[in-house]
Amino acid sequence: MLGSLRSIVQEVNTARDLTTALGIIVRRVRDVMNTKVCSVYLRDKQTGNYVLMATEGLNQDAVGQVHLAPGEGLVGNVATREEPINLEHAEAHPAFQYFPATGEERFSAFLGTPIIHHRNVLGVLVVQQTERRRFDEGEEAFLVTLSAQLAGVIAHAEATGALANMGQQRNEAKFTGLAASPGVAIGRAHIVAPPANLATVPFACTMDVEGELNLFHQALAAARDEIRDVGERLKNDLNKEERALFDAYISMLDDNSIAVEVCERIRQQLTASRAWAEVMLEHVRRFEAMSDSYFRERAADVRDLGARVLMHLRQQEQSLREYPDNTILIGEELTASVLADVPREKLAGLVSIKGSANSHVSIIARAMGVPAVMGAQELPWEQVDGVDLVVDGYRGELHINPSVELKRRYDAIVEEERELARNLDHLAKLPCETADGHRIRLWVNTGLMADVVRSLERGAEGVGLYRTEVPFLLRDRFPSEEEQREIYREQLQAFAPRPVTMRTLDIGGDKALSYFPIEETNPFLGWRGIRVTLDHPEIFLAQVRAMMKASLGLDNLRIMLPMISGVGELEAARKLVDRAYCELVDEGYAIQRPPLGIMIEVPSAVYQARELAKRVDFMSVGSNDLTQYLLAVDRNNSRVAGIYHSFHPAVLQALLQVVTAGHETSTKVGICGELAGDPGGALLLVAMGYDVLSMNATNLLRVKAALREVNKSDLDRLLQQVLKMESPEQIEAKLYEYLQDLGIGGLVQPQQAEASSNI
Ligand code: PEP
Ligand code: MG
């Protein structure tokens, strides 16, 4: 059964559209389960009814004609009960409804299972049998498993259908994801596909058929030369049969073989890379389906060959491609290095299929002030290259081919945003203190040089987190000590005499360096942050030496260690920092020993906060990771993004515990997670006694505006009320209400306000 399941899902995955996908499902399920009928009913989004969309066994004329409201008939009952119905004699059931068009009076046994995707019933999968018998447990389990697996595929195919014929008809379509970076971007999609993956080549048409044909022939020739070279180099290590394989591959890349099929599709105006990918995947599938195991194994070779040519094609395409004005980058999994390729003045927005608001690419997008939507799982991203779209980073929505009216509405929102920003501008020069005179340090998080200017313009008083991994992510090798010194010097100089807190390299988790791959099944619990650099003292030492050298004559450096989970790691890291400092002094550098601090982002560090605080000059809470680890919610996984909540009462208790422990030993405590940049969050943190709030430059003035409106004594009362609350939703709503009562509800971003007012 497992083999059948896998092969059905695989086959459905290759379908070009929803109708084909449903056709495959009903045909394959009927065969595998040996039933007389298999049908799929899907929910019509407009009417809410379940419509017969495909069948094997019922009259084909009934397709599209049978409609059942939720709760109506057996199918409607499966949908509302959200569980299978298994009947020996369907007609005897009180809910049974007869549709003459189907001819289903002939069938007695009925088994229907709901198709549920992200808690929504998409439809119902039904099998029927002529004789009176109950489907056995194995059959029921098979259908339930299959429905669960097909739900995602059907949702994706439905979404793709929404875009069908988009080129000609310019259909407007809306997709939802997660609000990852606030703001609205109106622009044009630019797809970033992984260079050598046949399965993810965007669907795109061309007007320049001759150009594409040339491109294709050049890529083929380049791949042939490459294979010939490899064959030549290995010739003494290969036997006759293996050498023959190389010849076979070269002849597959011949202009007269597979190439003929590809050229035909290019002449039908498909781009060379899409045409090549389609044809090669068809060949791969043909090999995979062969009964002879030798040929089945060749499928991998064909795929590899396909990827090789594709790489050449994409390299050539990329060198010819320009980023349009108002580029909206779209990719399956966008990374920081991809962002860096686009000239800043052209980049308007980001959309990623994977990831969440807490992924690092979202954090960078927020810091850059670029609206972003992550986790847009249903978007058929391969098909939207060059399409006009609106990215609504407040609500996590995408509008493909927006109408003039919709664009006008979004233009108005952009204008409102600008207005708010203009109104806040004057705050840049004013101190950050509450109405009753309580002073708070408002610092910024930086990573890119671009952050520096924006931060200074907004009146940042220091840097609470400089993410040193960002310049590492943007390179294709480790930067040398001298290269690092230059980068760090720029940061330190730009902010001097204000303090700059440089965090030592924090890679691992979702921050992978292309030149230092870390393959792990559970990366957020694996080799991350300080764990990596303690295992590689040469990397750590070069980095802290570069930081200290860069601080020469400025003395505004603070060094911060990420992901500390206990005293041992801190002591080991401190020894290395001391060693680097002594070496530099011996080498003649007249530098001051920088303050050393740690991040509190692992639950164990919360419980050991006192012991850690005694040993450091400062502590800073990384609430992004602390939330993920306290709630056991992967910050990068869009499926669980709805339960990632920094206002969770458990997180607030931990935050309070850390600041209390720090102050008991007179250690200054700050916070540099995203919570600090939330106006409501900032109110609570100030009430708790946090000394420094560090956030992205985009939020700085909003937070300052909120804090200048309130009295510290009132905040203390607010905190006491909030600490008694039991759910994050309740807390968020309370904070929103509080800001509204002060007349500054407008500082809260729209999607947050919407969520809060729904409670
Ligand atoms: C954090 O975890 O809160 C933090 C500031 O670090 P990062 O987001 O870079 O992991
Ligand atoms: Mg962190």
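This is a predicted model: local features need pLDDT of at least 70, side-chain atom pairs count only at pLDDT 80 or more; totals for chains, interfaces and linings use all residues.
First, the ground rules. Local features here need pLDDT of at least 70, side-chain atom pairs count only at pLDDT 80 or more, and totals for chains, interfaces and linings use all residues. Residues are numbered from 1 along each chain as its sequence is written, chains are lettered from A and ligands numbered from 1 in written order, and side-chain values use heavy atoms, without hydrogens and water.

Let's start with ligand 1. How many residues surround ligand 1? There are 17, each with a heavy atom within 4 Å of the ligand. The closest are R467, R503, G622, N624 and R635.

Now the polar contacts, meaning pairs of N or O atoms within 3.5 Å. R635 puts a polar side-chain atom 2.8 Å from an oxygen atom of ligand 1. For E601, a polar side-chain atom sits 2.9 Å from a ligand oxygen. S623 uses a polar backbone atom, 3.1 Å from an oxygen of ligand 1. Taken alone, the ligand exposes 290 Å², and the protein buries 100% of that. Those accessible areas come from the Shrake-Rupley method with a 1.4 Å probe.

Which elements give two or more residues to this shell? They are helix 12 (360-368), strand 16 (463-467) and helix 22 (623-631). Helices are DSSP runs of H or I, at least four residues; strands are runs of E, at least two. Helix 22 gives the largest share, three residues. By class, the shell has eight charged residues (Asp, Glu, Lys, Arg), four nonpolar (Ala, Val, Leu, Ile, Met, Phe, Trp, Tyr, Cys, Pro) and five polar (the others, Gly among them).

Next, domains. An automatic or database assignment sets the bounds. Domain 1 is 2-162, domain 2 is 173-193 + 332-418, and domain 3 is 198-320. The C-alpha centres of domains 2 and 3 lie 33 Å apart. Seven residues from domain 2 and seven from domain 3 make the contact, with heavy atoms within 4.5 Å.

Last, the backbone. The peptide bond from A496 to P497 is cis, omega near 5 degrees. P497 sits in the loop between helix 16 (481-495) and strand 17 (500-503). E82 is not a glycine, yet its phi is positive, near 55 degrees. E82 lies in the loop between helix 3 (73-81) and strand 4 (85-87).

Technical notes
A polar contact is a pair of N or O atoms within 3.5 Å; within protein, one must be able to donate a hydrogen and the other to accept it, and residues adjacent in sequence count only if both atoms are side-chain atoms.
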